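Please consult the sequence and the model displayed here alongside the text.

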Amino acid sequence: MEQRSSETRWKTELAHAIRDTHALLTRLGVDPCEAWDSSHFPCLVPESYLRRMTPGDPQDPLLLQVLPTKQEDTPNPDFHIDPVGDEAARLTSGVLQKYAGRALLITTGACAVHCRYCFRQHYPYSDDLHGIEYWQPALTAISQDPSLSEVILSGGDPLVLNDRKLGQLIEHLAAIPHLKRLRIHTRLPIVLPSRITDELIHLLKQSRLQPVMVVHANHAQEIQYDCADALQKIVQSGIPTLNQAVLLRGINDNVDALTELCECCVNLGVLPYYLHQLDRVQGAAHFEVDPEYGIKLIEELRQRLPGYAVPQFVQEIPGERSKTPLPHVNSLQVGSARL
Ligand SMILES: *Cc1c(COP(=O)(O)O)cnc(C)c1O
Ligand code: SF4
């Protein structure tokens with residue numbers, strides 16, 4: 001019964017999330033006359049996330065992450081539908097393998113929020129409610145590659161799946177002997193914290209696979225109230241928890257905002273992992289920050305924070321064998337220096 005009620009709660013919250021730009025602005029007391037709706041990637045904001053925005057502030061750093069704007073329609077030849085080469089890295093339906101030892105499983109196309117800068121906003125997801133039949137080809141491909149020790153559940157957001165489906169998937173993965181770790185890439189602890197139930201934690205902890213949680217917060221203002229509680233709950237359960245952020249113009253592209261974000265994370269036991277240079281996805285050009293400026297920000301952070309609180313500033317370059325740290329050292333020069 002208990003399980004039912006906590007699962008019902010987050011599902012109800014998700015079902016009642018705001019799906020209309022005009023409604024979002026009206027709720028916040030911001031002038032809705034500029035309201036704009038995107039047809040391919042509609043507005044989606046859960047109530048909990050909205051509660052952490054400042055009413056009346058059109059520049060609120062949370063609002064700017066989720067508010068559809070006309071700027072998304074401005075064509076830019078350098079911004080593409082598949083900026084990170086996902087299509088080329090497709091092992092089979094639903095699995096991407098770019099890097100040694102780990103494969104990324106697209107568990108579902110659904111998310112609890114629509115971040116306007118999302119690099120997968122044009123990914124050819126099917127709208128099917130994914131279940132074990134859908135993942136079977138992916139599971140087979142993973143089971144046939146003994147070089148893999150880690151599977152990353154991604155999406156969309158894997159925690160949009162209910163506990164039953166997630167549990168089934170984890171069971172099938174745990175039955176593959178060469179897998180050792182299960183990583184979960186999720187923004188739900190940030191945007192829909194009620195998803196972090198005791199049952200979910202139990203599900204992750206009882207598996208043979210070592211769980212690792214990578215969450216996604218871009219601003220300290222996101223990490224308040226129920227979100228802070230959810231993160232604390234994950235950390236206290238003993239699951240290693242990391243944060244990845246995206247460097248976003250007008251949202252976190254200043255040293256104070258980044259310092260506060262990193263401090264907020266480490267104060268809860270969440271280690272800053274990556275700060276991503278924006279992937280050049282169509283519709284997101286207005287969020288881009290000059291990477292040279294990003295490098296300066298990270299240098300400044302290093303002077304303000306303990307070493308473990310400074311994320312790696314990285315860029316995803318299609319075809320590379322890892323995320324590329326910035327500044328980018330020319331590998332040939334490093335090689336010849338060693339000789
Ligand atoms: C980013 C990414 C990973 C994870 O890379 P890490 O550096 O291990 O965090 C794995 N697979 C794909 C396809 C990715 O895009
Ligand atoms: S939660 Fe992640 S996958 Fe979903 S829209 Fe936001 S950035 Fe994209």
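On a 1 Å grid over the protein atoms alone, a pocket is an open set of points with protein on both sides within 12 Å along at least five of seven lines. A molecule sits in such a pocket if more than half of its atoms lie within 2 Å of the grid points of the pocket. In this predicted model, ligand 2 sits in the largest pocket.

Which residues are around ligand 2? They are Phe-41, Cys-111, Val-113, Cys-115, Cys-118, Gly-156, Arg-187 and His-216, a residue being near a molecule if one of its heavy atoms lies within 4 Å of it. This shell comprises five nonpolar residues, two polar and one charged. In this scheme Ala, Val, Leu, Ile, Met, Phe, Trp, Tyr, Cys and Pro count as nonpolar, Asp, Glu, Lys and Arg as charged, and the others, Gly among them, as polar.

## Basis of the values

The model is predicted, with local features needing pLDDT of at least 70 and side-chain atom pairs counting only at pLDDT 80 or more, whereas totals for chains, interfaces and linings use all residues. Residues are numbered from 1 along each chain as its sequence is written, chains are lettered from A and ligands numbered from 1 in the order in which they are written, and side-chain values use heavy atoms, with hydrogens and water left out.

## Overall fold

The chain contains 12 helices and 10 strands; these are DSSP runs numbered from the N terminus (helices H or I, at least four residues; strands E, at least two). The radius of gyration, taken over C-alpha atoms, is compared with a globule rule of 2.2 Å times the number of residues to the power 0.38. For 339 residues a compact globule would have a value near 20 Å, and the 20 Å of the chain agrees. The C-alpha trace spans about 65 × 55 × 40 Å along its principal axes.

Of the 339 residues, 54% are buried, where buried means under 20% relative accessible area, exposed over 50% and partly exposed in between (1.4 Å probe, protein chains only). Contact means heavy atoms within 4.5 Å. Among contacts between residues at least 6 apart in sequence, 80% join residues at least 24 apart.

## Backbone exceptions

Most residues other than glycine have a negative phi, and most peptide bonds are trans. The bond from Gly-155 to Gly-156 is cis, with omega near 15°. Gly-156, one of the residues around ligand 2, is in the loop between strand 4 (150–154) and helix 6 (163–174). The bond from Leu-326 to Pro-327 is also cis, with omega near 0°, and Pro-327 is in the loop between strand 10 (324–325) and helix 12 (331–338).

Tyr-225 has a positive phi near 45°. This residue lies in helix 9 (residues 225–236) and counts as exposed because its relative accessibility is 54%.

## Buried residues and their contacts

Leu-200, in helix 8 (residues 198–205), is buried with a relative accessible area of 0%. Beyond residues up to four places away in sequence, Leu-200 touches Leu-159, Asp-163, Leu-166 and Arg-195.

Val-84 lies in the loop between helix 4 (63–66) and strand 1 (90–92) and is buried at 2% relative accessible area. Val-84 and Phe-119 are 35 residues apart in sequence, and their C-alpha atoms are 7.9 Å apart. Leaving aside neighbours within four places in sequence, Val-84 is in contact with Lys-98, Phe-119, Asp-279, Glu-316 and Pro-318.

Technical notes:
On a 1 Å grid over the protein atoms alone, a cavity is a set of points where a 1.4 Å probe fits but cannot get out, and a pocket is an open set with protein on both sides within 12 Å along at least five of seven lines; lining residues have an atom within 4 Å of a point.
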